[in-house]
Each structure stands twice: as C-alpha cells, then as structure tokens.
Amino acid sequence: MRIRILCTICVMLRITLPAWAQEPDTCVHISEVIVTGLTGSARLSQMPAPVSVVGSEHLNTHQYSNIIDAIAKQPGVAQITTGNGISKPVIRGLGYNRILVVSGGVRQEGQQWGDEHGIEIDARAVHSVEILKGPASLMYGSDAMAGVVIFHDAPVMPEETMRAEIASEYQTNNGLFAYSAGFSGHKGRMLWNWRYSDKRAHDYKNAYDGYVPNSRFSERALSGMLGMDGSWGKSRLKLSYYHLTPGVIEGERDMETGELEGDGGRRYSMSLPFQQVHHYKIVTDNTFYIGAGILKATVAYQQNRRQEYEDSKDLCGLDFLLNTVNYDVRYVLPELGGWQTNVGTNGMFQSSRNKGQEFLIPAYNLFDFGLFATASKSYFHKMHVSGGIRFDTRNLHSHSLIDDGKERFVAFSRAFHGLTGSVGAVYNASDQLNLRLNVARGFRAPNMSELGSNGVHEGTFRYETGDTGLRQEYSTQADFGVDYASKYLSFQVSLFANRISNYIFLQRCDGTSIDDLPVYHYTSGNARLLGGEARVIVHPLNHLHFENSFSYVNAVLLHQPTSSRYLPFTPAPRWLSTLHYDIQTKCKSINAMFIEIEADCNFRQNHIYEVNDTETPTPSYVLFNASAGTDIIWHGHKLCSVCFTADNIFNQTYQNHLSRLKYADINTVTGKRGVFNMGRNIGIKILFPIEW
C-alpha cells in the first residue's frame, strides 16, 4: 500500500514518494528533493533559506476554492481574502507586491497591487508548489522581498507514454462544482500537456450572515504545452488562458433588520457588481547545452484585462489593460574548483492603460532590468555555502489625465535602483541534524497604486490616494534554522529578523471622505519584523503521524506611539495540529486508504494599527477539519481516487484577521461589524487517471 507520508522530511514537505520507495520511515530521501531556491536548482538539504514544498498529493486530497487556499496552511504562510473566490498570499506578515508569484517559469503579472485582485492560475494545472520565505531578489529582482511562490507544472511524462485524466469536485456550502480534463504524453522527441478546467460556485453561507450576497464566482482555464527534447537541449512552448468572474461583495446591511442586502442564495448567475478578469500568457522556455555549461532563455508575453461592472452588465466602470513582456537569460557555468556559478539578466517591459469610464490609477509604462550572479560550493560534504549579488533598475512613467475638466492624474517619472545580495550556509552536522543560517538584502520599488492612485477602489470600501514621493523599500533579513529527523520524532525551527526601510502601507485619513467613502492614503515608515515557525512531528507507528506547527510574526513600525506601533494586516499567531493515519487493508479493491483530523487554532490578534480606525482586533477561534480517501482498484489497475473532506465541522462563526470583509457595514441589531467567513463545508473529489 502506498503510504502518503513516508519519511519524516517528506511529511514536512508533503512530498509523495513513488511505489519503489515504500519503506519504513527514513530520512535518506532528503538529498533527492530539488528546489530552485535563491541560487538556482539545488538539493533541499543544501538550502540556507527556509523553503516549503506542497506536493501533488496534498493538492489532490484537500479541498480549496482557489490555489492560494491550498498553500495557506503552510507554516509562515497566510492569505488576504475577499470571500472565497479571491485570495492573495502572505509570507511572514508581508504580502501584495512584496511576494513574487512564478507560474510557467515566469513571474505572474496580474495587477497584484489590488486588494480584490487574486492570482490568475488554474489550481488543477499545478503539480506542486514551492514557497521560498525571505528576500529572494537574487534570482527575481524587485517585488521578491517577502518571498517567492513558485507553481510548478506537471513533470514530463516518461518516453513513449501517454496519460489522460478527468477530475471532478463538489462542495456543499457554496455549491462549488468543478471539473478538469487533461491529456499529456511523450512520443519520440515530442511531448505535450493540455488541460481544460471549469469551476463555478454560488454564494457561500455561515451561521451568522446566512448566504453572503454576491460571494459567487466562476472560473474557466485552458492551458497547453508543446515541447521538444534533443541532444542540443530542450524547448517548451506554453500557452494559457484564464477567465475569472467574481462577484464584488459590498456587505451593505438593512438598517432595521441588520440583514445583508442583495439577492444572496444558490443562484450561479452573476449579479451586479462583479468583475471580469481575463489573463493570457504565452511562454517560450529554452535550454541549450553549450559545452559543459547550460544556457537558459525564457521570453513571455502576458495580457491582463480586469473590468468591473457596477450599474450595468454592458458598461464597465474600472477597466485596466496590462501588457507585459518578460525576459530571462542565464548561463550556468561549468563547475570550477567545486564552485557552481550562475550569471544572468532578467526584467520586463510593461504598459498599463485605462479603458473604462472610471479611474483609480494612471496609465503608465514600466521598464525593469536586472543583472545577477550566484555561486555555491560544498565543503567535505557537510558544509554548503551559497550566495550572490544583484543590481536592478526600474523606470516608471505615468501619464496625465483630465477627467470632467479636472486633472485627476499628473504626469511624472521615477527611477529606482537597487543593489541586493545574500550569503548563507548549511551545516549537515549528521544524517539527522542540519543547521542553517542566511542573511539577505531585498529591494522593492513602489507600484503605481502606491505612487499615483486617486479614486474609488470598488469592493474595498474606500477612496485611495497615492504619494509620488515614496521611496523604494529595502529589507535586511537574517534567518536561522534547525531541523532534526529520527525514526520517531522530527522537528523544524526557523527564526527570522527583518528590518525594512521605507515600508509602504495604507493609512486611513482622519474624518475625510470622498463620495461618501473614507479616504485612505499611502504613507511609509521604518519597520521591524520578528518571528518564526516551528513544526514537530511524532510518528510512533509506521502509519501514524501526529504533526503540530506554530507560526508567529511581530511586525512594528519603529519609533511610533502605541496606536500606530503595529503594521496593519499582520496575521495572528497560528497553531495547526494534524493527526494522520494510513489504514492497512487486505482488500484488493482498495489501496492507499487514509484518514486525517485537523485542528486549526488562530489566536487573538490585538496588535493592530489603530490610527483612525484603520484596523480592528480579531478574537481567537478554532476550526476542526477532517479528510479521508482511498484508491479504488479494478483488475489490478487504479480505477480512480476518491477523497472526502469536511472543513469547519462544527460550523464555527468567525472572521479571519486578514479577511477584508471584516470592514463591511456594522449590523445595527447586533453591533457586530463586517461579514463572516464560510461555515461548514463538506466536499468530495474524484480523479480518474488513464495511462497507456
């Protein structure tokens, strides 16, 4: 029987091992796990910075509404949500443009500055996820200051094989129904991988609000890859189209009854207001073998069209059109004296235009360019040293705009430059114990929303104004980690200290309103973040695993009074406890059966930015979740995989601290503010694989 969590390290990383590796718990496989990290491909045991990996099995056996839900329970990771259709990743208290998302081998550019702008990625097309915590500017440049989330495609099929897959899912709370079909293969030198996915959900509900009007959404995605391998190298052409239609939750309440206004319920058809998001991407990814070195060249084009419909389904208000050309060229030098070295350049050209009747940010052009060099070396097979240096420059030009005879946006140009670097080491004290230390400097240029916004941000309950004088952010972070693994006990501890200069955040202005909405203004200050993650796993039996993880971050603005001391949108401390058991059975029709029970404890968060009621505290809550699954065998072959899930089993009413719906209208009857998160949700997943 296939054991889902076989070795201790694989439990930590949630990596599924192949059948030939089904042995008693052991740690020997850690050296085989390859991640991209700070300096290119490297073994995980040699990475000085903390990295988490979410494997395909975890993605297949847990339920989620979007791909960020699937990774948000990793230690140190959280999410900013707008209902269950839109989520944005947060790593160690930092989010938005401080996290860089990589998909298809290139950075995802989808106007990620917006609160209600999600990640335009099909969850079914993701095979595994790699999460790098901490400044990763060496390989990626500006915006990778908090970390990088890398969504990996499925690996290439073995030669002369083909595989088809049909997957379906249903969730009871919001009626989410999803299906996906994929076909991949490898014949001769040619290989391919195509997938179509469709998902739709009606309004979700909870015990306090009932059905939340306009929390419905639909999602459709088509992606494909054509490739060729040869003695000269390999080439991949990747195409994708993603279409998301999320409702905009306004959270307005009836003054007398306190009930949410709108036609909430089980309808799947969209009601005003809602968004239409289209994301197109084409990537050409090439690798050439040049002597003993390797040249990698990637060029991509992306178009993101985001439209918001408020009063009519035929006329949109805000309408953003973003075009991006990404480039990445790097050369992996032949190993010399034990040193593995990479040099390269990457960046992007970007153009954003306003096509709608309303305006929030000015149209702009952007040019980004970076040069980097990284190196790594191992000493005595125990000490692994890596690091590098990078230089970035970003030029931004904003266009002016006259709206109703008034100047809404002024033209301005800004140039930002950044010199960053990192150095780290891993000491493999024994086969069971590793010590890690890393120091890195990150860089982020302000985005156009922070510099030039001037308008109503629909769905965020505010009017936003920018500051053209904001300076680039710099962070200096130190990481220290210890991980230990034995037959019955394993643990990981990762501690960090991060100092950020010119930290940019949104502050509510005192008593000021425009269009009956409170005014928020972008400002900056120096910040310090301290915290870490701890994970302890006890597995007294070969098939029983008890895992506990704890995440904490303390984020403050330096030299400030108590009311403005803490950074806004800092996740609450979190303790996650999971009991997993692989069930042994002699039934030939059932294989890989498991059951899992989880307690998700979110502590009270009262470290808030209090100025002008910018942020409010959040009480603690505990959610209980469960899942169970198995493979069904027919005549010696796997017919399908079935998984049952239940989230929030006891139908707890709660508000996550990073839910933006907390700040919707106050219920005049109960005195409680905002919209609550989803209630009990039961789901089923079925996967039919066909290989030949």
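I began with the strands and found an open sheet of 3 strands in the order β4-β5-β6, with antiparallel pairing. I then noted its edge strands, β4 (77-82) and β6 (94-95), each of which pairs on one side only. I keep in mind that this is a predicted model.

Next I looked at how β4 meets its neighbour, and I found that 6 bridges join β4 to β5 (residues 86-91), the two strands running antiparallel. As one of the pairs I could follow by name, I wrote down Thr82, whose bridge partner in β5 is Ile86.

I turned to Asn447, which I located in the loop between β27 (433-444) and α4 (448-452). Is Asn447 buried or exposed? I count Asn447 as buried, because its relative accessibility is 11% and the cut-off for buried is under 20%. Leaving aside residues up to four places away in sequence, I saw that Asn447 touches Asn97 and Trp113, and that the side chains of Asn447 and Asn97 are joined by a polar contact of 3.0 Å.

I followed Trp194 to strand β13 (residues 190-201), and I record Trp194 as partly exposed, with a relative accessible area of 33%.

Terms used:
Residues numbered from 1 in each chain as written. Predicted model: local features only at pLDDT ≥ 70, side-chain atom pairs only at ≥ 80, totals over all residues. Heavy atoms only, no water. Pairing = 2+ DSSP bridges. Helix = DSSP H or I, 4+ residues; strand = E, 2+ residues; numbered from the N terminus. Buried < 20%, exposed > 50% of the residue type's maximum accessible area, 1.4 Å probe, protein only. Polar contact = N/O pair within 3.5 Å; in protein donor to acceptor, adjacent residues only side chain to side chain. Contact = heavy atoms within 4.5 Å.
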